[in-house]
Amino acid sequence: FLREARAVAQIGSHHVAHVMDADVLPNGQPYIVMEYLKGRDLAAWIASDGKLSVAQAVDCILQALEAIAEAHALSIIHRDIKPANLILTTRGELKLADFGIARIDTSEMTLAGAVLGTPSYMSPEQCLGEPIDHRSDLFSVGVVLYEMLTGEKPFTGSVDTVMFKICH
C-alpha cells in the first residue's frame with residue numbers, strides 16, 4: 001500500500017489528484033490523504049446531465065490520457081479507470097483519482113489470476129484474470145468515452161453477463 005501510494009505521489013501530471021500523505025495507523029489500518037477537489041466526478045455529471053457534448057468529451061478524454069500517460073511512464077497501471085474516478089473540477093480541469101488498485105508494472109505483489117476493477121470498464125484481460133499492461137487502461141478510457149458520448153455504458157447486465165460481453 002505505502003509503496004504504491006508513494007509511487008502515485010511521484011506522478012507529475014496536474015491531471016492526477018495529488019497524494020499528500022500515506023501511512024498506516026497503529027491499529028494496522030492504512031490511509032491516504034489526497035488533495036481536496038472541488039467539483040464532481042463524471043459519473044455524477046452523466047447521471048444528472050446525460051451525455052456530454054463531443055467537445056466536452058474530447059476535452060475530458062485528452063486530460064485523462066495525459067494523466068494516464070504520466071502514470072504509465074512510471075510503470076503505474078491504474079486498473080480502475082471509470083467516470084467515478086475522473087473528477088471534473090469547478091475550474092474545468094479533469095483529475096484522475098483513486099489509484100487504490102493501481103499496479104506498478106515491476107511489482108510482484110499482485111496475485112496472478114486476481115480480477116480487480118469495475119466490471120463495466122475492465123479490459124478483456126482483466127476480466128479473465130490475465131496479465132495486464134497499459135493497454136488495459138486505454139481500453140477503459142474507450143469505454144468511458146463511449147459512455148460520455150451516449151450517456152450509457154456499452155456493456156450492461158449482471159457481472160457475469162458484462163464480463164462475457166467484454167470478452168466476446
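**Legends to close-up views**

View 1. Glu93, with a relative accessibility of 17%, counts as buried (under 20% relative accessible area; exposed is over 50% and partly exposed in between, with a 1.4 Å probe and protein chains only). Through salt bridges with shared partners, Glu35, Glu93 and Lys95 are joined into one network. The model is predicted: local features need pLDDT of at least 70 and side-chain atom pairs pLDDT 80 or more, while totals for chains, interfaces and linings use all residues. Residues are numbered from 1 along each chain as its sequence is written, and side-chain values use heavy atoms, without hydrogens and water.

View 2. The structure contains five salt bridges. One of them links the side chains of Asp49 and Arg40, at 2.7 Å from N to O. Asp49 is partly exposed, having a relative accessible area of 45%, and Arg40 is also partly exposed, at 29%. Asp80 and Lys82 form another salt bridge, with 3.5 Å between the closest N and O atoms. Both Asp80 and Lys82 are buried.

**View 3. Helix α3 packed with helix α5.** Helix α3 comprises residues 54–73 and helix α5 residues 134–150 (helices are DSSP runs of H or I, at least four residues; strands are E, at least two). They pack at an angle of about 165°, and their axes are 10 Å apart. Helix α3 is therefore roughly antiparallel to α5 (an angle over 145 degrees). Contact (heavy atoms within 4.5 Å) is made on the α3 side by Val54, Ala57, Cys60, Ile61, Leu65, Ile68 and His72. On the α5 side, the contributing residues are His134, Asp137, Leu138, Val141, Val144, Leu145, Met148 and Leu149.

**View 4. Ser123 in the loop between β7 and α4.** Ser123 lies in the loop that runs between β7 (103–104) and α4 (124–127). With 0% relative accessibility, Ser123 counts as buried. Which residues does Ser123 touch, not counting those up to four places away in sequence? They are Ser136, Phe139 and Ile166. Ser123 and Phe139 stand 16 residues apart in sequence, yet their C-alpha atoms are 5.8 Å apart in space.

Conventions: Salt bridge = Lys/Arg side-chain N within 4 Å of Asp/Glu carboxyl O. Axes fitted to C-alpha atoms, helices over the stretch in contact; angles between N-to-C directions. Parallel < 35°, antiparallel > 145°, perpendicular 65-115°, else oblique.
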